[in-house]
Each structure stands twice: as structure tokens, then as C-alpha cells.
Amino acid sequence: MWGFFALGLVGVGSTIAALLRRYAAPSVPLVVSGATAYAWLVSMSIVLITPMDVAAALAHAPEAAIGVLWKITYWSTQVLTWLALPFFQVYADAGDFTVGGRALTSLKENGLLYGLAAAAGVVGLLVIVVVERSLAASDLPALGMALSNTFGLCAGILLMGYGLVEIPRETWKADPAHQLKWCAHRAGRFAEEVLRTTAELESVVTVIVANDKQMPRRDPLRPYMAIISAAAESESPVKPSAVLAGGYDLDALHADDLEYNYDMAGLAALRRRLAAAIHEFQAAAAQYEAVVRQALEHEAVVKCRQLGVYEPPGLPPGATGLAAAVRRAAWRWRCVAQPGARKVVAALLAAMSGVVVWSEATIFTGGHPDLSPFSRAIRGAAGRQWGAQLLVALPLGYICWCTAFALFRLNAFNYNKLAPRATTGAALMQNGSLMARFAAPTCWNLLHMVHMDAAVDASGAKTVFTQNMGGMTVLPVLGQHLNTYLPALLVLHVSLVWFNLWDRLAGACVGSRFRFNNDDVDDQYTEKGRLLLRKEGEALANGLRIGEVLAADDLELQLPGFKQRKRLRKKTSWFSFGRPAAGSGGGAAAGGDAGGAGAAGGAGSSAAAAAAGGAAGSRLERLPMLGSMLAGRSDGDAAGEGRAGLLSSLMGNKHGASPASSDGEGARSGLDGIFAEISTPAPGGGRGRGGGGGGGAGTARRGSRG
């Protein structure tokens, strides 16, 4: 029994180390990596404890150590997912300059959410007390467990149902040509994301350069501005020195751009935005590079299958020896045998999914009769501990896989995406929090599925899970009835996913934000991606790096039909940081009045007003900087924002136009501009400042957690 647990711990530890090595950005602090590793460890440990628990109960050999391990892992997951990780996630993402400032920001952002949840909880508790008059104070821990399990079960059923269908279906789609089309689609989307994040990064650095240049030396905030400038120079792929040398355009200022108060909070928001811009660019570049390499490999497989010549790419002609033989054998497997093997595996996975759905749908029988194949198999191996543990671990591991697979395919959860060597500490901790949130409800659902949520046999023996979580029946509708009857809805949910009705319903009701990503695509991104892949292949053959196609100066020569439109650059400054502008017309006068009023009130002028100037107008001129920005890898959440009224009033006085009128030139930036003659842009695409084709890219950049 303990040998199984020790072997599982070795596998879990190796998996965690490999995940952190692959996904954690180099800038992630060691303490953040440790917190994430612990969250993953306790979550996976519950999955390891469950097979031991069932085997011990079937053998009528209870182990006190299992109860101790269960309490440690369960309550660790609850503290991590509801308290510790949410706090440290915002703390790591905050831009404040002190420990106390970061902690206060985290408390404010988490306090709003948990305040609303607490208010709803108090109301619900009062209702429960009125309905269940026998409810005592000692029942509150069980009630809390029931509420946490309810959330995990409801969300877990939805996610698991999607994975039960899509994992076998995607495995079945083994045709290299189909996989190549999917990679082309993703290449088109990621390329657009690279261009969008490049424009945002240049805008942020321009904000910093202008603020740093115009802030007085003796200003009390000068040391903090120096910290931001130093971070931009050392960490940002776009260097402030390069932006300063090339000049920045203040006349291209957008009235709806981020505005930063002339105080500590405003500079903290600017610092947070800088970190987010760096991480978003590096994550987009990492994903683009990964998908291009994957696509080029699929393309080589397709060519070999068409020609019937299975010589590995990169292997010198006539090469001999063991290494060459191994490479040839592996490549032949990749081209010839792997598609067929994937179909066999897909059939087995489909059978497993069918058994899981059947077992979930028959939970309500309570084992009389016992219609669950998993339950019959586990009870048949009651005398063999290793066999019983493996038979429990098999469906449990598959259910966890399906849940995690669906969780990270939701478009709404891009904030916790894992990018190779580009995932920030906040995103890592969010992943750890989600794993901790679903671990215990998933295991409890499995015990219902194999009819071991009460006694495991006629003798009345119970698992440790049942002894601890069985108290949730203090509120039967949550602790008993929900776990029994809700899984039956999995049949309906799986049917919706199987016939692709879920995306249609979600798209009609809540839009594409909450739709699952689907690899069955053939749209403008796929066409753009195909051309990009051809250009990237040619660039690699000429010794260039992946991504330099997007940063080339001669885009018109590389991509026929594209003409890069540039604006005339003006270097005349009409706004002075922190003090009124002199010698100007009406706009300057208005700025001077506002600046004087702000100084009298102690707020000063907006720290972004002087700086956000080169945001959109000069992004096309500086896009060639992208070629030198493809080294680092990191990821992050959307930046926060601070607000002030000065910038908007200045823009209204100077330009006398609405914000929308100043953005017309950027409406065809991004891939829609580069590949204008390939396909018609999607409706709503390219209207954000980053020029993305997804519509709203500029809005997304403003962030929601400032």
C-alpha cells in the first residue's frame, strides 16, 4: 500500500519539477515557485490517497496515517485555494513599491470579491438556519465543506464532460494535414497577438520615457520613477534608450489611453502595466515560436507521406551509425505508424469515456443494483491491494485529466494560461489554486461513482473520505442529493459537446468569451497562418530566427500586396509634466489651468499625460524593434489603471475631436494590415490600439484589476 504511495509521490514530484522547469518564467521568485509546487503537491496527493483509502477499507485494515494525511492535504487545499494563493497572486502582480503597498492592494482586490461572497454566505446561512432548525454551531465546518464541494462538483461536471468527448476526438484526428491546418490557424492568431503586444509594449515604454524626461529632479516621486525606468531598461525588450533616441510623438496621444495620477498609486499602476506588457509580449512570442516549430514538423511529415520518402529532416544524406538509425526509425514511426496508433488509442479513450458517463449516470441506484463497471472491478480485486489501488487510480486519473484539459481550453481563462518559460508567478499560483479547488470534489465524486460514498461492503467498513466528508449530510440537498443526482446531467452535457451544440448555445447566450477552443477551424487566421508558415520556413532556411518575418522592414517585398502606412512624426511637445504649459494656444491654456488646479490640490497632473503620446501613432514606425525582442519569455495578467481627468480635457482642447476619430489610421494594423489581400478582416477586428483582429484588444489592455 505504502509502496504505491511512495512510487506515486516520486512521479508527482518529477511531474511538478518538469512543469515548473518548462513553464515558469526566469523572473518568478523562488518563494512563488515553492508555493505553486506545494499547491500542486497537496492536490495530487489527494488523488494518491484515495486509492490507498479504498484498498484499506476493502481489506478491513484501516490505517491511522491515512486519516492524518487526508486532513493535512484537504485543509491545505482549502486554505490555499480560498485564502493564501488568491492573496499572493495579486501581491505578486501588484506594482507597488513596498511590501505594505502590495499587501494592501491585494487585500483591496480580494476583499471586494470575498466581501460579496461573505454577504451572500450570511444570507444563505440565515436561510439554512430557518429551514434546518437543528443546525448547530458545530455543523458549520461540515456546511463549509458542503458549499466548497458543491462549487467544485458543479464546475467539475461541466469541465469533465467536455474533456470526456474532446480528448478521444482530438486523439482520433491523427491526420498530419488536419494538424497542420490547426497549427496554421494558431500561428495566425499568435502572430496577431505578437503585433498587438509589441504595440502595447512600445506605448508603455514611451509613457515611461516621457515621464522620466519631464519629471523634475527634486520631485519627491523621482526615486520611484527611476525604479520604473531602470526596470524598463533592464527587463523590457524595447529599451527606453532606444525610444528616446528615436523620439516620441506626443501629438498622437489618445484621449482614452490609460491615465496615471501624479502620486504613488499612479506610478504603481504604471509599473504594473509595464510588467504586464513585458510578460504579455514574451508569452505571445513564446507561443508563436512553439506553434511555428510544431507546424514545420507537421509540414515535413505531410511531405514525406506524399513522396513516400521517410528521411528525417536535418539528417545528412547517407549518414550511418546507431544515432542515424534511431532517428530514421523514429521518423518512420512518426510518419507511418503513429497516425494508426493514435486511432487505436482514441478508440480506447472513447470506451473509457463511455464507461465513465455510464457510471456517473447510474450513481442514483446506490449500488442496488450495482451498474458501475468500475465498482464491480474494484470490489473483485478486494484481496489484492495493488490491483485495487490501480483500478481506483485508473478512472480517477482519467477524470482529473479530462477536467484539467477542459479548464485550460476555455477562452475566458487566458489569465492562467501556461506559456513555455513565460508564465508569471501570478498565473502559476492561479493554476495551483484551481487544481486545489477541484481535487477533493473530484475524488468524492469518484467514490459516489463506485458506490463507496457510504459503506464499501456489507460489513459497514468506510473510507477515510466518507468518515470526514460524510458529515456534509447536515444539509441533505448539498451533501447528499446533489452528489447523487447532479452527475446524471452529464449525459445531457456530453451529448451537447458531442454534437457541437455547446459552442452554439454559448455563442448565442454569452458570446465567444466562454466558448471552448475548437481545432475544427477554417477562417482568415488559417489563411494568414499558412502564408506565415511558408515565410518562416524560408527565413529559417536562410539562417534567420522565428519571428523575424513579423519584424522585417521590407514587409511589402516579403508579403506582396502589403503597404505599410506611416504617419509623419512630430516632436513638438505641447504638455509639460506636473506644471502648466506656456506659450501655447487654447489647449495649453486649458492644460495650464488644470495643472495649476491639480498642484494646488496636491494631486498634480496625470503621470501618463505626457507619456502616452507615442502610443498608437508611432507603433508602426517602431515595429522593426520586434526583431530584437524575441529572446526573453514571460507572462502576466492584465495591468491595472489609475485615473485622472486632466488628460481627457487636454485632448479635447487640443484636437477638438472624439477619441474614436484619432484611431482611424490604426484600424488596419496587425495581421489585417500585413495580409490585407489574403482575406477580408473579421467584423470588429483591428479597432483596438494594438491593431488586433479579435476586436477589443485595446480595451483588454486596460486591465480590470488596477
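The legends below describe close-up views of a predicted model.

**View 1. A nonpolar patch on the surface.**
Five residues, Leu9, Tyr38, Leu41, Val68 and Ile72, make up a nonpolar patch on the surface. Together they have about 400 Å² of accessible area. Helix 2 (30-58) and helix 3 (64-93) are the elements that each give two or more residues to the patch. Ile72 belongs to helix 3.

**View 2. Phe4 and Trp386, an edge-to-face aromatic pair.**
The whole structure contains 12 aromatic pairs. In one of them, the rings of Phe4 and Trp386 lie 5.7 Å apart, centre to centre, with 80° between their planes. Phe4 is part of helix 1 (residues 2-23) and Trp386 is part of helix 12 (residues 385-407), so this pair ties together parts that are 382 residues apart in sequence. Are the two partners buried or partly exposed? Phe4 is buried, at a relative accessible area of 10%, whereas Trp386 is partly exposed, at 43%.

**View 3. Trp82 and Phe151, an edge-to-face aromatic pair.**
The ring centres of Trp82 and Phe151 are 6.0 Å apart, and the angle between the planes is 65°. The pair counts as edge-to-face because its angle is over 60 degrees. Trp82 comes from helix 3 and Phe151 from helix 5 (residues 140-172), so the contact ties together parts that are 69 residues apart in sequence. Trp82 is partly exposed, with a relative accessible area of 27%. Phe151 is also partly exposed, with a value of 40%.

**View 4. Arg437 over the ring of Trp82.**
This view returns to Trp82, now with a charged neighbour. Arg437 lies over the face of Trp82, and the distance to the ring centre is 4.5 Å. Trp82 therefore takes part in this contact as well as in the aromatic pair with Phe151.

**View 5. Arg189 over the ring of Tyr525.**
Which part of Arg189 sits over the ring of Tyr525? It is the charged end of Arg189, placed 4.7 Å from the centre of the ring.

**View 6. A cluster of aromatic rings.**
Trp70, Tyr74, Trp75 and Phe465 are joined into a cluster by ring pairs.

Notes: Residues are numbered from 1 along each chain as its sequence is written. This is a predicted model: local features need pLDDT of at least 70, side-chain atom pairs count only at pLDDT 80 or more; totals for chains, interfaces and linings use all residues. Side-chain values use heavy atoms; hydrogens and water are left out. Patches are made of residues with over 30% relative accessible area and no salt bridge: like charges are joined within 9 Å, nonpolar side chains (Val, Leu, Ile, Met, Phe, Trp, Tyr) within 5 Å. Accessible areas come from the Shrake-Rupley method with a 1.4 Å probe; for residues, only the protein chains shown count as cover. A salt bridge is a side-chain nitrogen of Lys or Arg within 4 Å of a carboxyl oxygen of Asp or Glu. Helices (H or I, at least four residues) and strands (E, at least two) are DSSP runs, numbered from the N terminus. Rings of Phe, Tyr and Trp (its six-membered ring) pair if their centres lie within 6.5 Å; planes under 30 degrees apart count as stacked, over 60 as edge-to-face and the rest as tilted. Buried means under 20% relative accessible area, exposed over 50%, partly exposed in between (1.4 Å probe, protein chains only). A charge sits over a ring if NZ of Lys or CZ of Arg is within 6 Å of the ring centre and within 35 degrees of the ring normal.
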